Amino acid sequence: MAKIILTGDRPTGRLHLGHYVGSLRRRVELQDSGEFDKIFIMIADAQALTDNFDNPGKIRDNIIEVALDYLSAGLDPEKVNIFIQSEVTELTELTFYYMNLVTLSRLERNPTVKSEIQLRNFETSIPVGFLNYPISQASDITAFKATTVPVGEDQLPMLEQAREIVRKFNATYGEVLVEPDALLPDNSVCSRLPGTDGKAKMSKSLGNCIYLSDTSEEVSKKVMSMFTDPNHLKVSDPGSLEGNTVFTYLDAFCRDEHFEKYCPDYKNLQEMKDHYQRGGLGDVKVKRLLINVLEDELAPIRARRTEYMKDIKGVYDILRKGTEEAQKAAAETLKEVKEAMKINYFEDPSLLEAWEKKYN
Ligand code: ATP
Ligand code: MG
């Protein structure tokens, strides 16, 4: 069976470190591994509209930001198809049919949707489109017969919903769809990177992000004001790693060679952690290391962004071409789906024959 990737992001803002460690960095490795037959990367504008329907300008503006973030993070348009979700109308059509296969109570039980409803104060009046977005996400995945979906942990309930829809569809209409697997980061810290405020998830909606396109001054400022151990008042005090976001970020980004380069007092992160816990290591020194480590990762991304920004027409063309390719692939699946559902009236010559036989 072909190995196919589908994944994406909502154009509700520029991409941040959570996206990077949760999925984006992995996508670049996978694209370069040569193991995949096709890779589709979706800018999920239609999904973003489910909770931003009254602010379409924000979604429109951020499409180019997300595209620039993709390219600057190293996604290569020769190897991946970057496309805009709403332009592939087959996805909406699939959603319409999949809606029959899912109950309302099943959607209401989805833990990610539940917490997002709370976050957006939708408790008293949930837009139907928002509640429905896990179904639309199942369409996105299955339209490309994706086998692999690299995502952060918050997306696991969406993947489960997609798998259920595939099983129900195939059992009802015949084997057409492919069950996808989630691909989580190997490092559990990266599955759900906390925000700079220490909150459970770095998220555009929470405003606690370090963006891939932040300047080095912005990154330094954000790291310097980051949450550590509130009881670690004097350098000599023993410090705690529990909920200490600076160390969590080091867990996500730091490698042994960074110590040789920026902090030769320690061989590796464990030695630094031990010293912090014993007492005698100040937060500023740890934060300085983190700034250097992040700078190592972000400087090349920032530089590539500057180059792509000089050729926005080129980026636009990449989106157009990627969207055309995606549309072709989704149309093939939709054709099979309609055939299996027996709603391919004008493509099935035996139908006319059967009708004629009935009445003539
Ligand atoms: P929004 O607040 O608009 O939902 P978001 O910051 O949650 O935005 P999404 O576009 O919903 O970002 O997520 C895109 C991808 O990035 C998903 O695969 C998601 O799992 C991953 N992701 C987002 N935030 C994090 C995070 N903090 N840690 C790890 N992965 C993340
Ligand atoms: Mg999200």
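These questions and answers look at one helix and some salt bridges in a predicted model.

Residues are numbered from 1 along each chain as its sequence is written, and chains are lettered from A in the order in which they are written. In this predicted model local features need pLDDT of at least 70 and side-chain atom pairs count only at pLDDT 80 or more, while side-chain values use heavy atoms, with hydrogens and water left out.

Me: At which residue does helix 15 bend by about 35°?
Reply: Helices are DSSP runs of H or I with at least four residues, numbered from the N terminus, and a bend is the angle between axes fitted to the seven residues ending at a residue and the seven starting there. A proline, P300, follows the bend within four residues. The residue at the bend is L298.

Me: How many salt bridges does the count come to?
Reply: A salt bridge is a side-chain nitrogen of Lys or Arg within 4 Å of a carboxyl oxygen of Asp or Glu. By this rule the count comes to 30.

Me: Is R305, which meets D69 in a salt bridge, buried or exposed?
Reply: The side chains of R305 and D69 meet at 3.1 Å, N to O. R305 lies in helix 15 and D69 in helix 3 (residues 56-73), so the pair ties together parts that are 236 residues apart in sequence. Buried means under 20% relative accessible area, exposed over 50% and partly exposed in between, with a 1.4 Å probe and protein chains only. At a relative accessible area of 8%, R305 is buried.

Methods:
Helices (H or I, at least four residues) and strands (E, at least two) are DSSP runs, numbered from the N terminus.
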